[in-house]
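This briefing goes through one protein structure by topic. Please look over the sequence and the model before reading on.

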Amino acid sequence: MYLYYIIAVFIILLDQFTKWLVVKNMDLYEQIPIIENFFYLTSHRNAGAAWGILQGQMYFFYIITFIVIVALIYFLQAYAKTSKLMSVAISFILGGAIGNLIDRVFYKEVVDFFDFIIIGYDYPIFNIADSALVIGVILFLMSSFMEDKKKGRAKHD
């Protein structure tokens with residue numbers, strides 16, 4: 001079970017380290033092309049949630065994130081022995097949630113830097129924690145789908 005907490009801590013450390021590198025080595029809004037017209041490192045700050053919604057609502061984020069973290073730890077304890085994929089998913093979501101919470105608590109904004117332009121659309125700039133959250137949700141959905149399928153098969157057997 002400790003492996004799942006180690007995954008979350010690894011995500012938090014990687015997230016915070018990459019954000020630190022961006023803050024220390026790039027000016028705000030500075031953009032470094034990695035693959036021209038597709039991928040840039042862009043120093044950006046977000047005082048809101050995904051796509052910049054709910055700007056400046058820090059207390060709302062503190063409360064929601066705290067509730068989510070408590071629920072994730074509860075579910076991690078409940079699923080760690082029964083579903084490895086679900087536990088990994090929860091670990092990713094936990095690490096991502098805590099990574100962005102650290103920024104909100106200490107800086108009142110989140111450091112973002114991955115900037116993609118996909119088929120002409122400049123996708124919202126994001127970070128490692130955001131990536132972990134998305135990957136965690138995808139794994140969670142996969143695990144849920146597989147579990148439902150398994151239960152469906154068991155009903156027919």
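The model is predicted. The protein has four helices and four strands, and from the N terminus its elements follow the order α-β-β-α-α-β-β-α.

**Overall fold**

- The C-alpha trace spans about 60 × 35 × 30 Å along its principal axes.
- Of the 157 residues in the protein, 38% are buried.
- Among contacts with a separation of 6 or more, 62% are between residues 24 or more positions apart.

**Aromatic residues**

- The number of aromatic pairs comes to 12.
- One of them joins Phe-39 and Phe-116, which are stacked, with 4.5 Å centre to centre and 15° between the planes.
- This pair links distant parts of the chain: Phe-39 belongs to strand 2 (residues 39–46) and Phe-116 to strand 3 (residues 110–118), 77 residues apart.
- Phe-39 has a relative accessible area of 15% and is therefore buried, the cut-off being under 20%.
- The pair of Tyr-74 and Phe-75 is edge-to-face because the planes of the rings are at 70°, with the centres 5.4 Å apart; the cut-off for this class is over 60 degrees.
- The two residues of that pair fall into separate accessibility classes: Tyr-74 is exposed, at 56% relative accessibility, while Phe-75 is partly exposed, at 37%.
- One aromatic cluster is formed by Phe-38, Phe-39, Phe-113, Phe-114, Phe-116, Tyr-121, Tyr-123 and Phe-126. Both Phe-39 and Phe-116 of the stacked pair are thus in this cluster.
- The ring of Phe-61 has the charged end of Arg-104 over it, 4.3 Å from the ring centre.

**Lys-19**

- Lys-19 lies in helix 1 (residues 2–25).
- The relative accessibility of Lys-19 is 2%, so this residue counts as buried.
- Apart from residues up to four places away in sequence, Lys-19 touches Gly-99, Asn-100, Asp-103, Val-110, Val-111, Phe-113, Asn-127 and Ala-129.
- One of these contacts, Phe-113, is also a member of the aromatic cluster.

**Ile-69**

- Ile-69 is part of helix 2 (residues 58–79).
- With 12% relative accessibility, Ile-69 is classed as buried.
- Beyond its neighbours within four places in sequence, Ile-69 is in contact with Leu-94, Ala-97, Ile-98 and Leu-101.
- Ile-69 and Ile-93 are 24 residues apart in sequence, and their C-alpha atoms are 8.9 Å apart in space.

**Second largest pocket**

- The second largest pocket holds about 220 Å³ of space.
- It is lined by 13 residues, of which Tyr-79, Ser-83, Met-86, Ser-143 and Glu-147 are the closest to its centre.
- Helix 3 (84–107) and helix 4 (128–156) each contribute at least two residues to the lining of this pocket.
- The most comes from helix 4, which gives seven residues to the lining.
- Sorted by class, the lining contains five charged, four polar and four nonpolar residues.

Key:
Residues numbered from 1 in each chain as written. Predicted model: local features only at pLDDT ≥ 70, side-chain atom pairs only at ≥ 80, totals over all residues. Heavy atoms only, no water. 1 Å grid on protein atoms, 1.4 Å probe; cavity = no way out; pocket = protein on both sides within 12 Å on 5 of 7 lines; lining within 4 Å. Points joined across faces, edges and corners; volume = space filled by probe spheres on them. Nonpolar A, V, L, I, M, F, W, Y, C, P; charged D, E, K, R; others polar. Buried < 20%, exposed > 50% of the residue type's maximum accessible area, 1.4 Å probe, protein only. Contact = heavy atoms within 4.5 Å. Phe/Tyr/Trp six-rings, centres within 6.5 Å; stacked < 30°, edge-to-face > 60°. Lys NZ or Arg CZ within 6 Å of the ring centre and 35° of its normal.
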